[in-house]
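Subject: Handover of a structure

Hello,

I am passing on a structure that is new to you. Please open it first; my notes on what was found follow below.

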Amino acid sequence: MFGKKNKNYKFAAGIHATNPIHIAFNYILLILLSAMVIMPMLIVFIVSFKTNNEYISTDILKLPNSFLNFENYRVIIQEAKLLSGLKNTLIMVIVPTFITVIMGTMVAYVVTRFDFWGKKLVLGLFVLSSLIPYIIMQIGQFAVIKNLGIFNTRYAGLLIYAAAGVVEIYIFIQHIEKIPVALDESALIEGASFFRIYRSIILPLSKPAIATVVILRALFIYNDMVMPYLLMPKQSLRTIVTCFLNYSYDNVSQWNIMGAGIITILLPAVTIYIFIQRYIFAGITDGAVKD
């Protein structure tokens, strides 16, 4: 199958379809997928400028009477204490991300550079833990936080988020594997300790992987709603995502205000992602192809 040359595709900088049917199918698929992504965001954007009466009485895709109606945004910023939520979010992002980078690089350094009994078992447990759904882990995390006596405190979020995830560890592993072992051996001959090798060689040469992990971890913490809602329900500890939960009820929700909150939260994340997405993909695929 792979030995036959497919005349419908041309391999250059990528795979380019030359058959008109394939080209039409690609464009149709692209339009459908783009619509699936853009339409929900467009609906939320339109709703965020509507009053509650407009939202109830008009079609969801009908434009608001005025795009200068920023009352919903005022409510979400002032009454929902969005600035306080932003402060809590920054604390939850900066401190745990720093700890994750240090722990992840240390684990990857040990796994890639040292042979020890149970090494394959450790790697297998990493893979096994990645198969457990995130929501199921919340039960165990809640029990641990409760027994430690830090429930409903900022330490709960710092502790949970500081743990290096399997994805982050494997990003570090595949990157450190590309760093020549000869550098370590030369440093050992010069009398450097293993920690000095880690600090002076491994960390500086792992900057692309570190940038990728920082981006992925920061976006995950920024968008996470489950953990802050379960472990830090106190009003003063709410993050930027959980600030507007007061406007969501069992029977009636103020969707216009929630729409303003979603847009407010979404804009920084989307803007950052647009400018740094190349670093994410570069870091994830780095090491996938061996020389």
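**The second largest pocket**

The second largest pocket is lined by 10 residues, and those that lie nearest its centre are Val-93, Ala-218, Leu-219, Tyr-222 and Ile-272. Please keep in mind that this is a predicted model. Helix 4, helix 11 (207–223) and helix 13 (255–285) are the elements that give two or more residues to that lining. By class, the lining has 10 nonpolar residues, no polar and no charged. The volume of the second largest pocket is about 150 Å³.

Two packed helices are described by the angle between their axes and the distance between the axes, so both values are given for each pair.

On the helix 4 side the contact involves Asn-88, Ile-91, Met-92, Val-95, Pro-96, Ile-99, Thr-100 and Met-103, which meet Arg-154, Gly-157, Leu-158, Tyr-161 and Ala-162 of helix 7. These residues divide into 9 nonpolar, 3 polar and 1 charged.

The crossing is right-handed. From helix 4, Thr-100, Val-101, Gly-104, Thr-105, Val-107, Ala-108, Tyr-109, Val-111, Thr-112 and Arg-113 meet Glu-168, Ile-169, Phe-172, Ile-173 and Ile-176 of helix 8. The contact has 9 nonpolar, 4 polar and 2 charged residues.

Ile-102, Thr-105, Met-106, Tyr-109 and Arg-113 of helix 4 make the contact with Phe-194, Phe-195, Ile-197, Tyr-198, Ile-202 and Leu-203 of helix 10. Here the classes are 9 nonpolar, 1 polar and 1 charged.

**A backbone point**

Most residues other than glycine have a negative phi. Asn-152 is not a glycine, yet its phi is positive, at about 65 degrees. Asn-152 is in the loop between helix 6 (134–148) and helix 7.

Regards

Conventions: Residues are numbered from 1 along each chain as its sequence is written. This is a predicted model: local features need pLDDT of at least 70, side-chain atom pairs count only at pLDDT 80 or more; totals for chains, interfaces and linings use all residues. Side-chain values use heavy atoms; hydrogens and water are left out. Contact means heavy atoms within 4.5 Å. Helices (H or I, at least four residues) and strands (E, at least two) are DSSP runs, numbered from the N terminus. Ala, Val, Leu, Ile, Met, Phe, Trp, Tyr, Cys and Pro count as nonpolar, Asp, Glu, Lys and Arg as charged, and the others, Gly among them, as polar. On a 1 Å grid over the protein atoms alone, a cavity is a set of points where a 1.4 Å probe fits but cannot get out, and a pocket is an open set with protein on both sides within 12 Å along at least five of seven lines; lining residues have an atom within 4 Å of a point. Grid points are joined across faces, edges and corners, and a volume is the space filled by probe spheres set on the points. A crossing is left-handed if the near helix is turned anticlockwise from the far one by less than a right angle, and right-handed if clockwise.
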